[in-house]
Amino acid sequence: MDSLLIKGGVPLHGEVQISGAKNAVLPIMAATLLTAEPCVIHRVPDLSDVKFMGKILNSLGAEVSFEGDTLTVCARRIKGHGDYELIRKMRGSICILGPLLARLRKAEVSQPGGCVIGTRPIDLHLKGLRALGAKIEIEAGYIRARAARLAGTEIFLGGRAGPTVLGTANIMTAAVLAEGVTIIESAACEPEVMDLAQFLNAMGAKIQGAGSPTITITGVKELHGAEHEVIPDRIEAATFALAAAVTGGEITIHGAKPEHLNAVIDKLREAGVKLERRGAALLVKRGSRLQPVDVTTLPYAGFPTDVQAQMMTLMCLTPGISIITERIFESRFSHVAELGRLGADISIEGPSAIVKGGKRLSGAPVMASDLRASAALVLAGLAAKGTTQVNRIYHLDRGYEKIDDKLRKLGGRIERIKET
Ligand code: EPZ
């Protein structure tokens, strides 16, 4: 397994281009199953999760081809069940359930397991699909769904931690080919949900209200091929903004949509980081003095859970006490112990981490446990004195396109150690 060797203490300077959004492209790739015609997707990030989803679509019978950052999928003839192991391994693949059920009126997919950040049940996905008329059995690790017909209805999709992003995607992609009107209440409002709705409407769907808690879908008989450019990755953009802040550097971020980052920008400004819009770009630099801030993760447009770990790294470097509360996933603090190896002082009280910041971090070997935790460790390594080795960076490659190249271009002393 590859690892990263990082010599810290260098303020990052320069420009970075943000890639397409992982969490937008995965449900969009699944939605290509809704039509027999070719779909062309642009600004597709080169990530292992994307390649994985490509293999899953292929295992269902779709033709999948990548050319640079353009992906073409043609699901002319598909079957309702794909490779068990492939689907089981990537949680995001659950979003093939809705499109398969809508197109074939049947679907058989492996049940997604939990992951280090939480149990991650799919009860809301199944509730919504059953409300549309699907009969669903869970057996032998499989979700088996069948529907003689899908009929529009009203579905409340709010759960223990609020709305569900991929649950909203699954119901939306099932309802586009259902008879009549579906209204999703307490829908997720994430920009990735809006991007999916835009793609579906380009395929001939009739969706209104995406981006708000109430989405109305008027079913149509069939959908056609479409071309679409994926939105930029707001989590990657936030991660580079924090890279400027933790290293005391100055980075111009290109290709991001600042309007997707309001909660992050607001919190960083509160912490004393300077963020300025320069045309379409965002200039980020550390202000004179960092301030401790309290952060609570919330559904969009609140502070994203996918930036919680990276924000914690900044608070480790900030003199004073800050409290970081995770409200979305029940066990998303696996980075705390590893930041502790670098000398951070963090204690956990229930859903909150209490960070006593201000101590200089010092490099050490650390272990990545999930995608965003690994990003937090890379940021910590860039700020720490000495050398940090981040192991198991396959987690990082799932969601960040060539992050070590991008950081090197900004002056980061970072090297990928390939497994021999
Ligand atoms: C998406 O996951 C993202 N993944 C996650 O990003 C992100 O953290 C999450 O949304 C929240 O923003 C992709 O888009 C591929 P949820 P998703 O369903 O849709 C509970 C990353 O780092 N819940 O919105 O799976 C659930 O347990 C990843 O890029 C139920 O209880 O998340 C969680 O506590 C990590 N029942 C909360 O809702 C359900 O049926 C939100 O989960 C579904 C979810």
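In the predicted model, four strands form an open sheet in the order β17-β18-β20-β19, and their pairing is mixed. The edges of this sheet are β17 (295-296) and β19 (345-349), each of which pairs on one side only. Helix α10, spanning residues 308-317, packs on the sheet and touches β17, β18 (320-325), β19 and β20. The direction of α10 makes about 30° with that of β20. Within the sheet, β19 and β20 (residues 352-357) are joined in the antiparallel sense over five bridges. In this pair, I348 is placed opposite A353 of β20.

Both senses of pairing also occur around strand β14. In general, the strands of a sheet pair through backbone hydrogen bonds, in either a parallel or an antiparallel manner. Strand β14 (residues 250-254) pairs with β2 (residues 13-17) in the parallel sense, over five bridges. With β16 (residues 281-286), β14 pairs in the antiparallel sense, over four bridges. Residue E250 of β14 takes part in both pairings: H13 stands opposite E250, and K285 is the bridge partner of E250 in β16.

The model also contains a ligand, which is surrounded by 22 residues. The closest of these are D123, R160, T164, D306 and I328. By residue class, the shell comprises 11 nonpolar, four polar and seven charged residues.

Several polar contacts are made with oxygen atoms of the ligand. A polar side-chain atom of T164, one of the closest residues, lies 2.6 Å from a ligand oxygen atom. For R372, an N or O atom in the side chain is 2.8 Å from an oxygen atom of the ligand. Of the 830 Å² of accessible area that the ligand has on its own, the protein covers 92%.

The secondary structure elements that give two or more residues to the shell are α1 (22-31), α5 (123-131), α6 (165-175) and α12 (371-383). Among these elements, α5 gives the most, with three residues.

Note on methods: Residues are numbered from 1 along each chain as its sequence is written. This is a predicted model: local features need pLDDT of at least 70, side-chain atom pairs count only at pLDDT 80 or more; totals for chains, interfaces and linings use all residues. Side-chain values use heavy atoms; hydrogens and water are left out. A residue is near a molecule or strand if one of its heavy atoms lies within 4 Å of it. A polar contact is a pair of N or O atoms within 3.5 Å; within protein, one must be able to donate a hydrogen and the other to accept it, and residues adjacent in sequence count only if both atoms are side-chain atoms. Accessible areas come from the Shrake-Rupley method with a 1.4 Å probe; for residues, only the protein chains shown count as cover. Ala, Val, Leu, Ile, Met, Phe, Trp, Tyr, Cys and Pro count as nonpolar, Asp, Glu, Lys and Arg as charged, and the others, Gly among them, as polar. Two strands pair if DSSP finds at least two bridges between them. Contact means heavy atoms within 4.5 Å. Axes are lines fitted to C-alpha atoms, for helices over the stretch in contact, and angles run from 0 to 180 degrees between N-to-C directions.
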